[in-house]
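Subject: Structure handover

Hello,

Here is the structure for you to look at. My notes on helix packing and nonpolar cores follow below it.

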Amino acid sequence: MKKSILSMAVAMTLSATSASAADLVFKPGEDSRFHWENYEALKSTDLSGETISVFGPWMGDEKANFDRVIAYFEEATGAKVSYAGSDSFEQQIVIDAQAGSAPNVSVFPQPGLAADLAAKGFLTPLNDNVKEAVAKDYAAGQSWVDLATFENGQGKDEFYGVFYRADLKSLVWYSPDNFADAGYDIPETMEELKALTKEIVADGGTPWCIGLGSGAATGWPATDWVEDLLLRTQPASVYDQWVTNEVKFDDPRIVGAIEEFGWFARNDEYVDGGAGAVSSTDFRDSPKGLFQSPPKCYMHRQASFIPAFFPEGTELGLDADFFYFPSYESKGLGNPVLGAGTLVSITNDSKGARAFIDFIRSPIAHELWMAQTGFLSAHLGANPELYSSDAARKQGEILRYATTFRFDGSDLMPGKIGAGSFWTGMVDYTGGKEAEDVAKDIQKTWDALK
């Protein structure tokens with residue numbers, strides 16, 4: 001049974017805490033690595049007596065980290081910022097917007113939801129100065145502008161938000177000790193990665209651990225592989241047209257990207273347990289082969305969250321490390337990065353809401369969370385020295401040197417595709433079904449939706 005709007009609003013109020021009650025965890029002006037000039041400039045914006053409501057997906061430790069960032073905005077401007085987090089954000093923000101009770105600012109975990117609300121007139125577009133600043137200040141800045149540009153109710157493109165906190169997927173994990181013992185170098189191009197894969201087999205080892213198992217969501221890790229490989233074999237424009245189905249799933253370019261995944265996953269010599277084990281191995285268990293003695297595999301491609309499933313006591317940088325999933329040198333497509341991120345948009349316009357957006361796009365707002373934990377930024381002005389760990393700093397550098405950034409494609413597709421037939425199709429493909437047949441079946445599902 002759905003909760004009433006009133007009961008949900010009460011729950012949000014109870015879960016919200018004023019960031020002004022939080023201590024300033026880093027004393028302004030004390031550590032010169034921070035852009036304290038951003039904080040000082042905020043003091044010229046007097047928002048005394050104004051309350052700014054912010055709603056998003058962050059709860060627990062993430063909420064606590066964000067509250068500590070908000071505290072600086074409150075201290076400088078005199079505003080009160082009330083942040084509420086919910087694991088039902090995606091459903092509740094739609095209810096609130098339709099009821100005319102949306103918060104001033106919303107933090108969207110997926111741009112697709114923001115696009116839906118923009119088309120219904122529930123988002124406030126940002127001005128060209130903000131758009132131009134994002135294009136200039138972010139690595140692959142135009143990519144971030146494009147991701148936040150949606151059609152309004154009249155079908156006209158408008159710029160609607162600033163991305164804050166990114167996630168990185170284009171990573172390959174490995175054991176430095178195993179690489180050192182075998183004399184392997186970190187590959188810097190896709191050509192070198194494929195050559196290393198063959199070299200490991202020639203030496204009697206197994207190059208890759210791959211697992212697609214994830215309960216009802218089995219198959220999703222393969223969609224990330226395909227998305228990453230499409231960005232490495234085709235221009236980003238093809239990727240953009242694919243996620244909207246302007247380029248069909250059974251287009252030869254998409255089939256080719258699926259077959260690129262098959263080059264790694266459908267070769268018994270290349271994968272721990274053989275190709276038949278790929279779909280039945282749980283993605284949470286698949287990286288454990290890196291740490292066996294002797295190693296059951298040497299590499300594992302997965303996003304930045306995967307260390308949570310490494311054996312207890314694994315030390316990043318020592319027992320495990322990562323490198324950028326490389327691009328083809330021969331194709332000249334730059335350094336694309338696949339990932340995700342949270343979009344901060346105005347859902348109930350006010351002077352304070354616009355000032356808060358300006359704060360969120362400033363280097364200091366990124367640095368204040370970077371210096372805590374669990375935050376990656378594509379902002380070129382944020383000081384990478386402030387990352388709380390060497391691993392975060394290295395991942396941040398990959399973001400900074402990206403020439404193209406694209407959001408996880410399956411998350412942008414209709415649910416029956418991106419969280420349905422695409423998942424199951426990849427399981428069928430690793431089980432032996434031809435890529436062209438898999439792609440045709442997925443396209444049939446998409447056509448049926450229309």
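Which residues in helix 10 meet which residues in helix 12? On the helix 10 side they are Ala222, Trp225, Val226, Leu229, Leu230 and Thr233. On the helix 12 side they are Arg253, Ile254, Ala257, Ile258, Glu260, Phe261 and Phe264. By class, this contact has ten nonpolar, one polar and two charged residues. Please bear in mind that the model is predicted.

Now the geometry of that pair. Helix 10 covers residues 220–233. Its axis lies 8 Å from that of helix 12, and the two pack at an angle of about 115°. The crossing is right-handed.

Helix 12 (residues 252–265) also packs with helix 18 (residues 435–449). Their axes come within 9 Å and cross at roughly 125°. That angle makes helix 12 oblique to helix 18. This crossing, too, is right-handed. Val255, Ile258 and Glu259 in helix 12 meet Ala435, Glu436 and Ala439 in helix 18. The contact of helix 12 with helix 18 has four nonpolar, no polar and two charged residues. Note Ile258: this helix 12 residue is listed in the contact with helix 10 and in the contact with helix 18.

Next, the cores. The largest nonpolar core has 90 residues. Phe66, Phe73, Tyr164 and Phe356 touch the most other members. Leaving aside neighbours within four places in sequence, Phe66 is in contact with Val54, Trp58, Tyr83, Tyr164, Phe356, Ile360 and Trp369. Another core, of 50 residues, lies apart from the largest one. Its members include Ile210, Tyr239, Val278 and Phe323.

Best wishes

Terms used
Residues numbered from 1 in each chain as written. Predicted model: local features only at pLDDT ≥ 70, side-chain atom pairs only at ≥ 80, totals over all residues. Heavy atoms only, no water. Axes fitted to C-alpha atoms, helices over the stretch in contact; angles between N-to-C directions. Helix = DSSP H or I, 4+ residues; strand = E, 2+ residues; numbered from the N terminus. Parallel < 35°, antiparallel > 145°, perpendicular 65-115°, else oblique. Left-handed = near helix turned anticlockwise from the far one by under 90°. Contact = heavy atoms within 4.5 Å. Nonpolar A, V, L, I, M, F, W, Y, C, P; charged D, E, K, R; others polar. Core = buried A, V, L, I, M, F, W, Y, C linked by side-chain atoms within 4.5 Å. Buried < 20%, exposed > 50% of the residue type's maximum accessible area, 1.4 Å probe, protein only.
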